[in-house]
Structure formats: C-alpha cells, structure tokens
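Hi there,

Here is the structure I promised to pass on.

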Number of protein chains: 2
Amino acid sequence: MALVLDLNDVTRATDMTSMIEAVEKGLREEAAGRVVMPPRLNMATDSGFFRVMPAIMNESGVMGYKEFHGSITNGVRYMIAIYDAAEGSLLSMMDASYLTAARTGATTGVATKYMARQDAKTAAVIGSGLEARTNLQAVAVVRKLDKVTVFSPNPAKRQAFADWIKSELGIEAVTAETAEQCTAEADIIVVATNTSGKADPIAYRGAWMREGMHVNSIGSTMPRLREIDPDTFDRAQRIATDSVAQIHEESGDVITAVEDGKFDAGRVVELKDLVTGAATGRTAAAEITLFKSVGTAVQDVMAGMAIYEEARRQSLGTEIPDFLDLKTF
Amino acid sequence: MALVLDLNDVTRATDMTSMIEAVEKGLREEAAGRVVMPPRLNMATDSGFFRVMPAIMNESGVMGYKEFHGSITNGVRYMIAIYDAAEGSLLSMMDASYLTAARTGATTGVATKYMARQDAKTAAVIGSGLEARTNLQAVAVVRKLDKVTVFSPNPAKRQAFADWIKSELGIEAVTAETAEQCTAEADIIVVATNTSGKADPIAYRGAWMREGMHVNSIGSTMPRLREIDPDTFDRAQRIATDSVAQIHEESGDVITAVEDGKFDAGRVVELKDLVTGAATGRTAAAEITLFKSVGTAVQDVMAGMAIYEEARRQSLGTEIPDFLDLKTF
C-alpha cells in the first residue's frame with residue numbers, strides 16, 4: 001500500500017524539530033558522498049515551468065523526487081514521491097506545497113544553527129507569507145528568541161503575522177513600518193519575499209547590515225526574481241548556500257551580485273560542509289554571515305520521509321493499493 | 001479527481017492502433033519544435049538505477065514524466081504521471097510496466113511504417129517476452145503480415161509465443177531452432193531480447209541481412225546490454241533512431257559499433273524527421289534498413305495520454321481526490 005497525503009495531512013504531520021534533524025541528516029549523508037543528486041531539470045512550458053528534482057539517499061535508504069509546475073501568476077502545484085531505495089516500493093506521494101515551505105524553513109534552521117551567534121535573541125522577518133512563517137519557526141527551534149520584529153508592505157498582513165508569532169510561537173512580536181526599521185536591532189534576519197512586479201524588488205540591503213548578525217535569504221530562486229542587493233553579498237564575511245552550482249544558475253540575486261563584482265566566491269561554503277565541520281559558519285562574534293537558500297532535492301526527500309513516518313504514526317492520509325507492478329526479467 | 005491506473009487497467013486500455021497514432025503525433029510535434037524534452041536523468045543507486053524522463057507537449061497540451069527504478073536482477077517498477085499542460089492539474093498516474101513495452105512497440109510500428117517495404121509480408125521475431133509481443137503487434141498494424149517465424153532459446157517459450165500469435169493476432173506462426181533460420185526469409189525482423197548474462201549476448205548478426213529487409217532492434221538500452229553486432233549497423237544502408245543523442249549514451253550496441261568503426265553517422269536519421277518527410281526511411285526496394293530503439297519521454301507521455309483517454313471512456317481505474325494543492329502567490 002502507498003500512502004497519499006494531501007495538504008492537510010502534510011501540515012498535521014510536520015514537526016519542525018524533526019524536520020530540521022532530517023534535513024541535517026541528509027546534509028551529512030551528502031557530505032559523506034552517499035547521495036546521488038543530479039542538477040534539477042528546469043523546463044519551460046508555453047505558460048510556465050515544470051521542474052523535476054530527484055535524489056537518492058543511499059544511507060537513509062530512501063529515494064524519490066519533487067516535481068513542481070505552474071507559474072507565479074497562475075499558481076504552482078508541488079508533489080513529492082518517495083520510494084524504499086533498496087526494495088523499490090512506492091512509500092508515499094504527497095502534496096509538497098506546504099512541505100516545500102517547511103523544508104526551506106528547516107534548511108534555514110540548519111544554516112542558522114551553524115552560522116548565527118549562540119547568544120542571538122532577536123529576529124526580524126521581512127515578508128509575511130508561508131515561507132516567512134516556516135523559516136521563523138525553524139529559527140525559533142535553533143535559537144531561543146525573545147523578540148521578533150516583522151515587516152511586510154501591507155499593514156494588516158504584518159499585524160496578522162505578529163499576532164500569529166505571539167499565539168503560535170509564544171514569542172513577543174512587533175511590527176515595523178519599513179524594512180530598515182524592522183531589521184535595525186535584530187541578531188537574525190529572515191528575508192522571505194516575492195517582490196516580482198514591484199517597482200523596487202529589493203527587500204533587504206547590505207547597507208543595513210551590522211556586526212555580528214546573521215541573514216537568511218529565501219526568495220530569488222529563479223533568475224528573474226530578486227530580494228537582496230549585491231551589497232548584502234559584499235558585506236557578508238561568510239556566505240553559505242545549499243548548492244553553489246544552483247545559486248549561480250537559479251538565483252537572480254546571486255547572478256546580479258556576480259555581474260556587479262560583489263560576489264566573492266572565496267567566502268562561499270556549502271551547508272553540508274558546515275554540519276560536518278569541514279567548513280566553519282562563523283569564526284568571530286562580530287562577523288556578518290549570510291545564508292542564501294535555493295532548495296535541493298535532498299531536503300525534499302528527507303523532509304518527505306520525515307512527513308511520511310510521522311503520518312504513519314498518526315494514521316494520517318489515504319492508503320491506495322500499490323499500483324506499480326514489479327517487472328522481472 | 002486524478003485517475004490511478006494499475007497494470008490491469010493499462011492493459012485493458014491499450015489499443016495498439018491508437019497508440020501508434022499517439023506516438024506519431026508526438027513525433028510530429030517534436031519535429032515542429034513544440035516539445036520540451038531534456039536528456040533523461042539516469043541515476044545509479046547502491047542496488048540498481050533510478051531514471052526520470054519528463055516531456056512537455058505544448059501542442060497536445062499534456063506534460064508529465066516516466067520514472068522507473070530497480071535493477072534487471074531484482075525487477076523494475078515504472079510509473080507515468082501526466083498533467084494538463086495549461087491548467088496544471090494532475091490527470092493520471094499509471095503503472096508503466098506494460099505501457100513501456102506497448103509504447104516501444106508503437107514506436108517500432110511508426111519506424112516500420114516509414115522504413116519497411118510496402119509489400120513486406122513476413123516477419124521474424126527473436127525473443128518471446130513482452131516486448132517481442134508488443135513490437136510484433138505494432139508491426140502487424142502497419143503491414144499486412146501473412147507469416148511470422150519466432151525464435152527464442154527456450155523451445156517451450158517460442159512455441160507458446162507462436163501459439164499466441166495465431167490466437168491473438170490471427171497470423172500463421174512457426175518456430176525456428178536458431179536465430180539465423182528464424183530470420184532467413186523474413187521481410188521485417190524484430191530483435192527484442194535481454195541477453196545479459198549469456199555467453200554470447202549477440203542475438204542477431206549483420207551477416208544474416210538480406211536485400212530489402214527492415215530490422216527493428218529493441219534491446220540494448222543500457223551501455224552494458226547488447227543484442228545486435230556492429231555488422232548490423234555496417235550493412236544497414238539507412239538507420240533510424242528515436243534519439244541520436246540517446247543511442248550514443250545508452251545503447252551498448254551503438255557504443256560498440258562506434259568503437260569498431262562500423263557506425264556511419266551519415267546514414268542515421270531521427271524518427272521525427274521520417275514522419276514529417278524531412279528525411280526518407282527507404283529510397284529503394286533493395287535497401288536494408290534498421291531502426292534502433294532507445295525510448296523517449298515523448299513516447300511515454302503521448303502513450304500515457306492515449307491510455308488515460310481510453311481508460312476514461314471505459315471507466316477503468318481508481319479515482320483519487322486531487323491531492324495537489326494549488327499554491328497562489
């Protein structure tokens with residue numbers, strides 16, 4: 001039997017602490033050379049895009065892929081399928097709309113764990129959407145926050161987000177009227193925006209950076225999308241990413257920083273090397289650090305497996321007969 | 001609602017005549033530049049392989065992928081998922097074990113239609129497995145056969161296959177005791193073997209070729225698999241394939257022929273150019289022609305769509321709620 005999980009099932013089966021552990025486990029496996037993950041396939045359709053990103057986790061014994069398609073204007077559908085790597089049976093197919101935001105958050109959690117100051121206590125979030133929430137949730141797992149400041153251009157949305165932080169995370173939350181004010185005192189920043197179509201797509205600027213802070217940038221996962229300026233890369237003394245190859249292909253922020261000569265490749269490390277200690281996320285309290293997220297199939301497959309296991313424990317989802325025949329030769 | 005189709009549903013929804021039409025339609029669309037099909041992803045796992053092959057058919061308005069994984073020794077599972085290309089909704093997920101054999105047959109049908117002599121009447125099949133059957137079925141759709149000779153090393157299997165041809169296709173069928181005898185008089189040959197592990201993996205030899213014949217070779221879709229010798233490529237005056245790029249990457253037969261200096265790239269055309277008339281499959285009755293099949297996602301997606309439409313007509317399969325949420329921004 002294979003387990004089909006819809007948005008509601010996936011949301012109920014998401015536990016941010018175990019998802020951060022799952023993503024970190026996947027990163028260690030990647031560092032150990034036990035992962036097969038080809039560059040993801042990004043295809044253009046007449047009306048949007050179609051992407052497929054598989055990963056094989058030989059150590060964890062799970063393999064699968066995420067597929068997502070649609071367009072920013074018409075909406076996007078996401079699906080993750082996971083299989084038992086040794087036996088080959090289909091374990092689960094699940095909606096990966098919320099899951100993608102959650103695993104992106106979990107990855108930010110891992111980055112923040114290894115890059116932010118141990119005594120970081122305050123966070124600022126630019127953006128109020130789903131990714132803003134999941135990323136803050138993950139930051140709150142890895143650092144004990146006592147205050148969060150939020151900014152979003154829409155006053156009602158930022159207030160609703162602050163209310164959610166208070167009620168859901170139990171952390172003091174206030175709103176700010178500008179992005180600069182929002183981030184003025186925070187130890188940890190989350191930039192999680194979709195500024196496409198805005199006159200100024202830059203939501204966070206390097207000019208606002210201060211000593212000792214850590215910035216996570218989640219948006220700009222396509223060449224035409226932007227959210228942070230080249231100065232942000234220039235002022236960060238240490239930059240981590242989940243995939244060096246991918247950020248150069250896919251992130252408009254990185255492409256622009258490279259064009260402006262403000263992207264020093266020598267400062268860039270991969271997250272997988274932070275978790276094993278092969279690279280260091282922060283060498284001094286005063287250092288400015290930056291995590292630029294693009295998302296990888298390792299995160300999807302590991303998060304999908306965590307969701308599947310939790311869904312089994314909670315008896316969530318719909319069982320369907322295993323419809324895949326085993327062809328022997 | 002999405003339609004889940006298992007092996008039984010897919011088998012019942014397969015009609016070889018409409019599948020040949022669907023594959024040919026896909027090839028025309030490919031020739032017209034209305035298809036997006038990146039090289040397929042071939043990944044190795046600890047115990048086998050995992051392949052993902054997507055295609056977007058912008059003209060037909062369908063997109064999707066085939067995923068298959070396992071190993072020749074442990075068995076393989078195949079799945080095709082298709083989506084409405086414009087709207088994005090998941091239409092169907094189906095077992096693609098039989099479907100893969102059927103669409104490979106349908107593609108051979110297209111090749112035979114454009115390459116075999118119009119008056120071809122006799123066929124020989126080397127192999128007695130599922131691919132042997134589906135490929136012969138397709139040949140019988142595009143040419144009026146009055147006799148089929150079959151060879152397979154196992155006498156019981158070749159007799160069972162001959163009996164099947166008589167009862168299912170209504171064509172006179174006899175068995176032969178060697179591959180050479182089997183093919184000695186046939187106008188159209190189908191080589192559809194899995195000779196891995198055999199002392200001699202070559203099932204068909206160029207030395208046996210005669211004027212005016214057309215040969216279809218279906219096996220050897222991985223570098224380590226073989227079924228025809230370099231002389232077969234050398235003696236064929238016209239060679240067609242479904243993907244020039246792929247045969248060089250994936251077919252052990254082609255790789256070996258190239259190494260032996262017996263592969264003349266100037267004789268090679270793609271199937272998509274045969275169906276539009278941009279290339280000619282046969283220029284004289286005496287010509288020897290060869291189709292080397294590797295399989296593409298265009299064939300899978302088009303065949304999957306044909307199956308889906310027929311399954312809807314016959315009310316086959318299991319409806320599941322559309323579990324993919326539409327995320328809007």
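A word on terms before the strands: two strands pair if DSSP finds at least two bridges between them. Helices (H or I, at least four residues) and strands (E, at least two) are DSSP runs, numbered from the N terminus.

This is a predicted model, in which local features need pLDDT of at least 70, side-chain atom pairs count only at pLDDT 80 or more, and totals for chains, interfaces and linings use all residues; side-chain values use heavy atoms, with hydrogens and water left out. Residues are numbered from 1 along each chain as its sequence is written, while chains are lettered from A and ligands numbered from 1 in the order in which they are written.

Let me start with β5(B), residues 62-71. On one side, β5(B) pairs with β4(B) (residues 49-57) in the antiparallel sense over nine bridges, and G64(B) is the bridge partner of A55(B). Four residues lie between the strands of this hairpin, where G61(B) takes a positive phi near 75°. β5(B) also pairs with β6(B) (residues 75-84), again antiparallel, over 10 bridges; here M63(B) stands opposite Y83(B), and the hairpin has three residues between its strands.

How much of β5(B) is buried? The count is 10 of its 10 residues, where buried means under 20% relative accessible area, exposed over 50% and partly exposed in between (1.4 Å probe, protein chains only). V62(B), G64(B), K66(B), F68(B) and G70(B) point one way, and M63(B), Y65(B), E67(B), H69(B) and S71(B) the other.

In chain A, the axes of α2(A) (residues 16-31) and α3(A) (residues 97-115) come within 8 Å and cross at roughly 70°. Axes are lines fitted to C-alpha atoms, for helices over the stretch in contact, with angles from 0 to 180 degrees between N-to-C directions. The residues of this contact (heavy atoms within 4.5 Å) include M16(A) and L27(A) in α2(A), and V110(A) and Y114(A) in α3(A).

Chain A also has an open sheet of eight strands with parallel pairing, in the order β10-β9-β8-β11-β12-β15-β13-β14. Its edge strands are β10(A) (173-175) and β14(A) (268-270), and the twist averages 20° from one strand to the next. Within it, β13(A) and β15(A) pair over four bridges, with A240(A) opposite F291(A).

Finally, a rotation of 180° with 0.0 Å of shift along its axis superposes chain A on chain B (RMSD 0.0 Å), by least squares on the C-alpha atoms of residues with pLDDT of at least 70 in both. That is the relation of a two-fold axis.

Best wishes
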